[in-house]
Amino acid sequence: MTQLLLKTGHDIIKIPLSNLYYMTTHRNKPHVIVLVTEKGSYEVRTTLSELERLYDKELLRCHRHFLVNLWKIKAINSQTRDIVFRDEWIKPIYFSRRKYSQLLKRWTEIEGE
């Protein structure tokens, strides 16, 4: 199982990729990424581009502000451009219309496995 090894403040933590829903840029802090997981959220000092490069097989850039774990997606709404997650308490995130075909293709490929 792939794990994310991340530095948060003075701590280094391991997060199993299977626990991650998505990553997003922080609204007010530059170069800070928020990871939303089953156990809560974490802030790390890095960029989405760097994380995308490291985990390009497991995660997909669905918008300039989001990297999503395809295994956690329950539904994709093409009209509202929302990604709905398997756990109801996770708020839906939006995707770019330019990324729709790639998102749909990669998501349907893993659903069949």
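What is the order of the three strands in the open sheet? The order is β8-β9-β10, and the pairing is antiparallel. Before I go on, note that this is a predicted model.

Let me stay with that sheet for a moment. The edges are β8, residues 73-77, and β10, residues 93-94, each of which pairs on one side only. Between β8 and β9, residues 82-85, there are four bridges, and the two strands run antiparallel. To place that on your screen, find Ile73, whose bridge partner in β9 is Phe85.

Next, the hairpin. It is made by β4 and β5, with two residues between them. β4 covers residues 32-37 and β5 covers residues 40-45; six bridges join them in the antiparallel sense.

Now the interior. In soluble globular proteins, nonpolar side chains tend to be buried together. Here the largest nonpolar core has 19 residues, and the members touching the most other members are Tyr22, Val68, Ile83 and Leu103. At least two residues each come from β3 (20-25), β4, β6 (59-63), β7 (66-69), β8, β9 and α2 (100-111). The most come from α2, which gives three.

Take Leu103 as an example. Leaving out residues up to four places away in sequence, Leu103 touches Leu60, Val68, Leu70, Ile73, Ile76, Ile83 and Phe95. There is also a second, separate core, with 15 residues, including Ile13, Met23, Ile33 and Leu59.

Last, the pockets. Which residues line the largest pocket? They are Thr24, Thr25, His26, Arg27, Val34, His65, Phe66 and Tyr94. By class, that lining has three nonpolar residues, four polar and one charged. The volume of the largest pocket is about 200 Å³.

The second largest pocket comes to about 150 Å³. Its lining consists of Tyr22, Phe66, Lys91, Pro92, Ile93 and Tyr94. Five of these count as nonpolar, none as polar and one as charged.

How values were computed
Residues numbered from 1 in each chain as written. Predicted model: local features only at pLDDT ≥ 70, side-chain atom pairs only at ≥ 80, totals over all residues. Heavy atoms only, no water. Pairing = 2+ DSSP bridges. Core = buried A, V, L, I, M, F, W, Y, C linked by side-chain atoms within 4.5 Å. Buried < 20%, exposed > 50% of the residue type's maximum accessible area, 1.4 Å probe, protein only. Contact = heavy atoms within 4.5 Å. 1 Å grid on protein atoms, 1.4 Å probe; cavity = no way out; pocket = protein on both sides within 12 Å on 5 of 7 lines; lining within 4 Å. Points joined across faces, edges and corners; volume = space filled by probe spheres on them. Nonpolar A, V, L, I, M, F, W, Y, C, P; charged D, E, K, R; others polar.
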